[in-house]
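This note is intended for a reader who is meeting the structure for the first time. The points below concern its pockets.

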Amino acid sequence: MLDVPRELALYLSRLLRAERRRRGTRKNSRALTCFRHAVLGLRWFRQNTDVPALARDHGISRATGYRYLDEVVIVLAEQAPDLHEALQRAKDEGTAYVILDGKVFSADRCSEKTLSVKGEPIDLWYSGKAREHGGNIQALCAPDGFPWWVSDVEPGSLHD
């Protein structure tokens, strides 16, 4: 049982169908229908189920599960507003203020060397402030905390 409205799964299913058409995917060439593909993605978002378990539950390989999940994230991200649209929305709604905040999300499999502003070699993905490796993501939120815009991930060493 998935705790989201069926309409949401159908909406995501339509987005996935449009993406398959755009890519030129032949009919019946995928392991999952668009609807089951949407359910896989929604389960990952809502239940925080690991991808190998999702793939097993849906009768697909782990690699296919990761590929399908990536496709879900891409089609949903294409629906998100850009920063200018989010700020325009705030202005149009007469919002007194917005909240801009960021976080370094831990990642254990990223490493890349670069030069610091002092010319010393550093790990690009290491955040000295957070004292961990990861990606820095910024978000613009409404006064009630609802996110209106989220940035692309940047290396942890980059400041806000």
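How many nonpolar, polar and charged residues does the lining of the largest pocket have? The points below take up this question, with the reminder that the model is predicted.

1. Composition of the largest pocket. Sorted by class, its lining has 11 nonpolar residues, together with 2 polar and 2 charged ones.

2. Extent and centre of the largest pocket. The space in this pocket comes to about 610 Å³. Its lining is made up of 15 residues, and those that lie nearest the centre are Leu76, Ala77, Ala80, Pro81 and Val150.

3. Elements around the largest pocket. Two or more residues of the lining are given by each of α4 (62–77) and β6 (147–150). The element that gives the most is β6, with 4 residues.

4. Extent and centre of the second largest pocket. For this pocket the volume is about 410 Å³. Lining it are 20 residues, and Tyr126, Gly156, Ser157, Leu158 and His159 are the closest to its centre.

5. Elements around the second largest pocket. Here the elements that give two or more residues to the lining are the strands β1 (99–106), β2 (113–115), β3 (121–123) and β4 (126–127). The largest share, 3 residues, comes from β1.

6. Composition of the second largest pocket. By class, this lining has 9 polar, 7 nonpolar and 4 charged residues.

Notes:
Residues numbered from 1 in each chain as written. Predicted model: local features only at pLDDT ≥ 70, side-chain atom pairs only at ≥ 80, totals over all residues. Heavy atoms only, no water. 1 Å grid on protein atoms, 1.4 Å probe; cavity = no way out; pocket = protein on both sides within 12 Å on 5 of 7 lines; lining within 4 Å. Points joined across faces, edges and corners; volume = space filled by probe spheres on them. Nonpolar A, V, L, I, M, F, W, Y, C, P; charged D, E, K, R; others polar.
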